[in-house]
Amino acid sequence: MALSRIASDADVSIQSTFASRYVRTSLPRFRMSENSIPKEAAYQIINDELMLDGNPRLNLASFVTTWMEPECDKLIMAAVNKNYVDMDEYPVTTELQNRCVNMIAHLFNAPLGESEAAVGVGTVGSSEAIMLAGLAFKRKWQNRRKAEGKPWDKPNIVTGANVQVCWEKFARYFEVELKEVKLREGYYVMDPHKAVELVDENTICVAAILGSTLNGEFEDVKLLNDLLTEKNKETGWDTPIHVDAASGGFIAPFLYPELEWDFRLPLVKSINVSGHKYGLVYAGVGWVIWRSKEDLPEELIFHINYLGADQPTFTLNFSKGSSQIIAQYYQLIRLGFEGYKNIMENCQENAMVLKKGLEETGRFDIVSKDNGVPLVAFSLKDRSRHDEFEVSDSLRRYGWIVPAYTMPPDAQHVTVLRVVVREDFSRTLAERLVHDIVKVLHELDALPAKNGDDAKIAKEMETKRMVTRAWKKYVMDKKTNGVC
């Protein structure tokens, strides 16, 4: 008697283990496949490829948060299907965003009355926040120039050459001339005196950086405010300041509360900050806060009603997830001032541990400052045998992602390595990184030097090997052709 057998769901799962039956041929990469595959197989295929990504915890190039508490992870997953822009459908999410705006505005010392609401908005990140702030400055400047009967077609913005690329994007996308203050060796942030010299009647604002991407240093916003105030008095202009506090906005209030960089300075009209950096939220959420309603032109705000009710909106994109907004509110109420202060102090202490360990090797010059974003930027004292790029490449073998890069003009001859110290970078990891850097240096020291006699000998040996390979190939080709 013939026996029949019906395949069960369990059998399909077993047959799909590690998706082996579905990956015997190349997977489609540019066109959709004709047929479907089981969900377990799709998951396993993608999961296997993702194993080749770097470990986010060891990505010391990034300022972006890579760890949050499990409770916050649950909130994020619960809200992953909510569209943030649909305020009528998700009024509580909108309320949480408004609470975040007000908390951050007060953190930045915005001049608000007891019951006055702050002016600001959540964004995808600081790039969008900077675009919005820049557009507000441009429109205000244009409106003023039109009212005065003056040309309004050649706006410019003054920054340091150390600004993040999003400022260059803003200038190019929205047709604003970017006037950059060049750097110099030993001084890697914008010089306020030189910045004010570049200001003219077409300058829509001067952008100061609170936490340079290059070396974590805070620019002197207070001095910039004082110098610009004097120039405004002399010229009759009203040139304002924007503070790009993407990295430092969630650091300075807790580590340097006496530092004047925010709305305590009269010319500071708007500030952006990245919630997904030291705001301690996963990518991507940012914030832009204006000093007052007068600093955000009303004509830039759109009102829509096709989602159920009148909704004001001032963003570059439309739809986005609600998860990061909710996560930011979680961190603000979960940690409070005390919690953020403890975390930032710990980050700073671990940065100092790393700095001390690097100094003790005797091989590096420290380029970063002790006061600023908790990071360590450093250069090799002796680059005759190997350079920072080789150190960076070698560290990847130990799992570390430590970027090497050259400084902007006029300090482009300076190359540095940079380690960003985040909340999840412990003292133990700092000590381990120093240990691995020392190992890498010893390995590189054992290789032929790039210059000098060793390099010359190595080059001669390589030339001989190339000649030998070429001659061997010639002889083998002759044998193949049957010619002797």
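This short talk describes salt bridges in the structure shown above.

Good morning. The model is predicted, so local features need pLDDT of at least 70 and side-chain atom pairs count only at pLDDT 80 or more, while totals for chains, interfaces and linings use all residues. Residues are numbered from 1 along each chain as its sequence is written, and side-chain values use heavy atoms, with hydrogens and water left out.

A salt bridge is defined here as a side-chain nitrogen of Lys or Arg within 4 Å of a carboxyl oxygen of Asp or Glu. The structure holds 20 of them.

Let me begin with Asp445 and Arg363, whose closest N and O atoms are 3.2 Å apart. Asp445 belongs to helix H12 (residues 427-445), and Arg363 to the loop between helix H10 (323-361) and strand S10 (364-366), so this pair ties together parts 82 residues apart in sequence. Helices (H or I, at least four residues) and strands (E, at least two) are DSSP runs, numbered from the N terminus.

Buried means under 20% relative accessible area, exposed over 50%, and partly exposed in between (1.4 Å probe, protein chains only).

Helix H12 also holds Asp436 and Arg432, four residues apart, about one turn of the helix. Their side chains meet in a salt bridge of 3.4 Å, N to O. Asp436 is buried at 3%, whereas Arg432 is partly exposed at 41%.

Finally, Arg422 pairs with Asp424 at 3.6 Å between the closest N and O atoms. Arg422 is buried at 4%, and Asp424 is buried at 10%. Together with Arg57, these two residues are linked in a network of salt bridges.
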